[in-house]
Amino acid sequence: MAFTVAVAGATGYAGAEILRLLLNHPAYLAGDMEIGALTAHSSAGQSAAATLPHLPQLAGRAIEDTTPKTLDGHDVVFLALPHGHSARVAAALGERTVVIDCAADHRLRDAGAWEHYYGSEHAGHWPYGIPEMPGHRELLAGAKRVAVPGCFPTGATLAALPAVQAGLVEPDLRVVSITGVSGAGKKAAVGMLGAETMGSLKAYNTAGKHRHTPEIAQNIAEVTDGPVTVSFTPVLAPLPRGILTTVTAPLAGSLGAQPDQLRAAYEEFYADEPFVWVLPEGEQPQTQNVVGSNMCHVQVEVDAGAGVVLMTSAIDNLTKGTAGAAVQCMNLALGLGETAGLPRQGVAP
């Protein structure tokens, strides 16, 4: 099957990571995938050699302006655009085009939650791109519109989902995610300067203000009948990329400390998942082990003294957290092998 792909926002971190993965996709290497329009806003008119120097295969290309006319006619369009822009562009593309949106515009089902956190009109909900969630792989197969999840919800959801679904913890989650600076995007900002971030840690958008809070709650609510509570605290760390997430939740009812039961639930839940690894007992996820990969490393253990379960995950925010998820969803939407072009191995050191 031959198909064409366009990337809007190609010179940003997410768009560039999508291109890195596509250039190693077996369909591209076999000549079945053509990488078409590369578009952006502020860098439109510049060369790919100048804006994407780490992708030499594209050196002869030019960056075009992001318009529906430029993107239309491709079989697949990746939208790596800021929140609030994707919906307008997607609405102008034909129904035959597979549109994969890396922004938040189509992630939330609840219009009220969208308007509260994003302050604009809700654009509607699309099939949601965490294939590891129950039933989502089937929704994504053959989909023409896909909402790629947020990076924080990916790490938190994959960490907590098996325990909540099995009824081993109460759906009352305390989530702390430590993230690298690339999660803020490539735009110039004083708070992202090296002098501001090196040697420092900072919590931000605290006490329920972060926009990914309702997305995490929405995901967890799919596997439990009870009310879901999520307290989410993101922490900025002086790392280029990577997210380490810890989730704590009370043990359910009178179950008591059941570490074997918990491990069994995780191992069964992820037994057939190529991109989630439940680490051996005693080993903790580390961001350095997932850099450049589409993997999520997970650990679970009981804190018997506190009566809680600790669930931990590590992902690369630009790969499994964004671009890798987008390519994984493209593979499912087009009927390709789900793992095609997606590395499981990280980069070390």
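These legends accompany close-up views of a predicted model.

**View 1. Strand S2 and its burial.** Strand S2 covers residues 33–40. Seven of its eight residues are buried, so the strand is largely enclosed by the rest of the structure. Buried here means under 20% relative accessible area.

**View 2. Pairing of strands S1 and S2.** Strand S1 spans residues 3–8 and runs parallel to S2. Five bridges link the two strands. Phe 3 has Met 33 of S2 as its bridge partner.

**View 3. Pairing of strands S2 and S3.** Strand S3 consists of residues 64–65. S3 and S2 are parallel and are joined by two bridges. Ala 40 takes Asp 65 of S3 as its bridge partner.

**View 4. Thr 154 in helix H8.** Helix H8 comprises residues 151–165, and Thr 154 belongs to this helix. The relative accessibility of Thr 154 is 1%. Thr 154 therefore counts as buried. A polar atom of the Thr 154 side chain lies 2.9 Å from the backbone oxygen of Gly 150.

**View 5. Surroundings of Thr 154.** With neighbours within four places in sequence left aside, Thr 154 contacts Ile 130, Pro 149, Ile 315, Lys 320 and Gly 321. Ala 314 is 160 residues from Thr 154 in sequence. In space, the C-alpha atoms of Thr 154 and Ala 314 are 9.9 Å apart.

Note on methods. Residues numbered from 1 in each chain as written. Predicted model: local features only at pLDDT ≥ 70, side-chain atom pairs only at ≥ 80, totals over all residues. Heavy atoms only, no water. Buried < 20%, exposed > 50% of the residue type's maximum accessible area, 1.4 Å probe, protein only. Helix = DSSP H or I, 4+ residues; strand = E, 2+ residues; numbered from the N terminus. Pairing = 2+ DSSP bridges. Contact = heavy atoms within 4.5 Å. Polar contact = N/O pair within 3.5 Å; in protein donor to acceptor, adjacent residues only side chain to side chain.
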